[in-house]
Amino acid sequence: MSRQERENAMGDVTFLVKPASGLCDMRCRYCFYEDVSASRAQKSLGLMDAETADALIRAGLSYAGPGGHVHFLFQGGEPTLAGLDFFRSFVRAAREQCPAGADVSFAIQTNGRSLDGDWARFFQKNGFLTGLSLDGTKTLHDRYRRDAGGNGTWGRTVRALALLTEAGVETNLLCVVTGDAAKAPRQVWQSLRKLGDHPLQFIPCLDPLDASRGGMAWSLTPAAYGGFLKGIFDCWFEELSRGTYVSVRFFDDLLRLMAGMAPGSCAVSGRCGGYLAVEADGSLYPCDFYVLDQWRIGNIRSMTVAQALASPGMKRFLAEGARRPAACGGCPYEPLCRGGCRRDFTEGPAGPENYFCPAMKDFFPYVLPRLQAAARMLFR
């Protein structure tokens, strides 16, 4: 690393790693990465080999340096298709190469189909935070999250959760919010809570890149999303009032902002650029939603992390991401909303508009007094 690169190094870096590219053993109808990868000249970039994994580990640790932290979050497609031996080798190499005073951590997002006792014990032993995709209720889950034979996958996923829980793996439940799910927030909440005390993430469903918003069978409209968030908040606040705090990522972020702390997600931070996405061949991109040919920064096998972060492609991405909707100016909820995620922006007459802006303007007035009371309760 050059002197200038050392001066640019921030000490912490997060990689969203796709060790199996877009390969998957399921056929979720709403899969945004199937749409993204199909938009590239080369749809699948295969499985990550040992040389690329080693280059990624070395680049991350070199950037972090003593006292720094490198976080590897494995995604897909379905990342477990890279095989358990790949993950064992990756973790072993990262720990062996980690210099004194530095730190590495690991997380994975999975559909759970490949998980068995060996996987669960591996995750527990190595401290993997595991995000498991479960869409609320069996009916909602099986409607869109199907295997290659067209069969629903709820039962198998719930069994995977039981394996993880039995092994003591820290597990988050990831629920994609479709238009159908948005009609039943209380049923979604109750179904997920019956599965145990797990942090929850509710992820608004995306339409294809080149499609008009709202035109798919699973599409989530602003009105439906606003109603869903209000219903989930009601359930969340009822439990909080009884003394039970349930971690919901969006609500966690809002509470952190109200307490003067940084949020955990880029969508609520008001800016892009919180990590680097790494495809199976080592190609680097500025965002998981934009793993597209036009946003390819370079390759981790031939450039440093500092060079990637300072690259023209990254600078262009950050500059475009810094454009906030004009409606944010003077909006009383902007300090909490921060304009939202760039992937939800559409181009309007006056520049970018957030498709879900009406949802936020419906949600915040409904919850704000109770959200403020929750903040006072939790941050006395």
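Pro185 is placed in helix 9, which spans residues 185–193. The model described here is predicted. With a relative accessibility of 13%, Pro185 falls below the 20% limit and therefore counts as buried.

Apart from neighbours within four places in sequence, the contacts of Pro185 are Gly227, Phe228, Gly231 and Ile232. The C-alpha atom of Pro185 is also 8.5 Å from that of Cys235, a residue 50 places away along the chain.

## Helix 10 and helix 11

Helix 10 covers residues 222–241, and helix 11 covers residues 249–258. The two pack at an angle of about 75°, and their axes are 11 Å apart. Helix 10 is therefore roughly perpendicular to helix 11.

On the helix 10 side, the contact is made by Leu229, Ile232, Phe233 and Trp236. Phe250, Phe251 and Leu255 supply the helix 11 side. Sorted by class, the contact has seven nonpolar residues, no polar residues and no charged residues.

## Nonpolar cores

The largest nonpolar core holds 95 residues. Phe15, Phe72, Phe74, Phe202 and Trp236 have the most contacts inside this core. Helix 10 contributes the most to it, with nine residues. A second, separate core has 16 residues, including Leu45, Cys272, Cys287 and Tyr290.

When residues up to four places away in sequence are not counted, Phe15 touches Leu56, Gly60, Val70, His71, Phe72, Leu73, Leu276, Val278 and Val305.

Nine strands make up an open sheet with mixed pairing, in the order 6-5-4-3-2-1-7-8-9. Strand 6 (200–204) and strand 9 (298–299) are at the edges; each has a single partner strand, so one side of each lacks a neighbour in the sheet.

Strand 1 (residues 12–17) pairs with strand 7 (residues 276–278) in the parallel sense over three bridges. Within this pairing, Val17 has Val278 of strand 7 as its bridge partner.

## Strand 5 and its neighbours

Strand 5 pairs in the parallel sense with strand 4 over four bridges. Its pairing with strand 6 is also in the parallel sense, over five bridges. Ser133 stands opposite Leu174 of strand 5, and Cys175 has Phe202 of strand 6 as its bridge partner. Phe202 is also among the residues with the most contacts inside the largest nonpolar core.

Seven of the seven residues of strand 5 are buried. Thr171, Leu173, Cys175 and Val177 lie on one side of the strand, and Asn172, Leu174 and Val176 lie on the other, so that both faces are covered. Helix 7 (residues 154–167) lies across strand 4 (129–133) and strand 5 (171–177), and runs at about 160° to strand 4.

## Backbone exceptions

Most residues other than glycine have a negative phi, and most peptide bonds are trans. The peptide bond from Gly76 to Gly77 is cis, with omega near 10°. Gly77 is located in the loop between strand 2 (69–74) and helix 4 (84–97).

Ser21 has a positive phi, near 50°. Its place is the loop between strand 1 and helix 2 (32–38), and Ser21 is buried, with a relative accessible area of 0%. Arg338 also has a positive phi, near 60°. Arg338 lies in the loop between helix 15 (334–337) and strand 10 (345–348), and is partly exposed at a relative accessible area of 25%.

Note on methods: Residues are numbered from 1 along each chain as its sequence is written. This is a predicted model: local features need pLDDT of at least 70, side-chain atom pairs count only at pLDDT 80 or more; totals for chains, interfaces and linings use all residues. Side-chain values use heavy atoms; hydrogens and water are left out. A nonpolar core is a set of buried Ala, Val, Leu, Ile, Met, Phe, Trp, Tyr and Cys residues joined through side-chain atoms within 4.5 Å. Buried means under 20% relative accessible area, exposed over 50%, partly exposed in between (1.4 Å probe, protein chains only). Contact means heavy atoms within 4.5 Å. Axes are lines fitted to C-alpha atoms, for helices over the stretch in contact, and angles run from 0 to 180 degrees between N-to-C directions. Angles under 35 degrees count as roughly parallel, over 145 as roughly antiparallel, 65 to 115 as roughly perpendicular and the rest as oblique. Ala, Val, Leu, Ile, Met, Phe, Trp, Tyr, Cys and Pro count as nonpolar, Asp, Glu, Lys and Arg as charged, and the others, Gly among them, as polar. Two strands pair if DSSP finds at least two bridges between them.
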